[in-house]
Amino acid sequence: MQKFEFEKTMIDGVFQITPFCAYDVRGYLIKDYAKEVFEQHGITYDLKEVFYTNSQKGVVRALHFQREYGQPKLVRCVWGRIFDVVVDLRRESGTYRQWMGWELSEENKAELLIPAGCAHGYLVLEDSVVSYKCAEKFYGEYDDGILWNDPELAIDWPLERVGNKVILAEKDRQLQTVREFEERYGGL
């Protein structure tokens, strides 16, 4: 049996979390969110919506966020394997414009708690299903993002693991650079 573990990261408010997991002859039972356990670790998280994505190897889901009504997320790869990236877009943060990347998989069961003000995206390393447990509802009119390969962010995507074949939605091809976002909105 694995109990919840919470690990702070260099980006303020981003936690890598090991969820509760109990194994037996049938397989395993996982609990990846418990309000009272999060609160015991000083994390207030009010779950509003849950989404799942199903993506094939090579898909990049770009660096998304909401400009208004920031949408904190608890992200876990339920099946498969992804390289998950968080970029701090909070102007007042000591880690503004810095990024971190993690491998999330069904095997390691790790999840990320991503605060409002951070962009989030991932590269699908194997066909995958990803869960987003959001603490704010989705507002399409405030949906925004940064180009996944913006040279100013210099994210080190492990593209060699997908044969350098990237699959992007048209929506993600049209996103702005971090500099264009700052010129338009000044940051989050």
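Ring pairs join Phe4, Phe6, Tyr33, Phe38 and Tyr45 into a cluster. Here, rings of Phe, Tyr and Trp (its six-membered ring) pair if their centres lie within 6.5 Å; planes under 30 degrees apart count as stacked, over 60 as edge-to-face and the rest as tilted. Keep in mind that this is a predicted model, where local features need pLDDT of at least 70 and side-chain atom pairs count only at pLDDT 80 or more, while totals for chains, interfaces and linings use all residues. Residues are numbered from 1 along each chain as its sequence is written, and side-chain values use heavy atoms, with hydrogens and water left out.

By the ring rule, the count comes to 15 aromatic pairs. Take Phe6 and Phe38: their ring centres are 5.1 Å apart and their planes sit at 90°, so this pair is edge-to-face. Phe6 belongs to strand β1 (residues 5-8) and Phe38 to helix α1 (residues 35-40), so the pair ties together parts that are 32 residues apart in sequence. Helices (H or I, at least four residues) and strands (E, at least two) are DSSP runs, numbered from the N terminus. Are Phe6 and Phe38 buried or exposed? Both are buried, meaning under 20% relative accessible area, with exposed being over 50% and partly exposed in between (1.4 Å probe, protein chains only).

Rings also meet charges in this model. A charge sits over a ring if NZ of Lys or CZ of Arg is within 6 Å of the ring centre and within 35 degrees of the ring normal.

| Charged residue | Ring | Distance to ring centre |
|---|---|---|
| Lys31 | Phe20 | 5.8 Å |
| Lys109 | Tyr28 | 4.2 Å |

Next up is Arg90, in the loop between β7 (73-88) and β8 (99-105). With 17% relative accessibility, Arg90 counts as buried. Setting aside neighbours within four places in sequence, Arg90 is in contact (heavy atoms within 4.5 Å) with Ile11, Asp12, Tyr96, Pro115, Ala116, Gly117, Cys118 and Leu188.

What about residues that are partly exposed? Leu47 lies in the loop between α1 and β5 (49-55), and at 34% relative accessibility it counts as partly exposed. Gly27, in strand β4 (residues 27-31), is also partly exposed, at 27% relative accessibility. The C-alpha atoms of Gly27 and Ser105 are separated by 16 Å, and these two residues are 78 residues apart along the chain.
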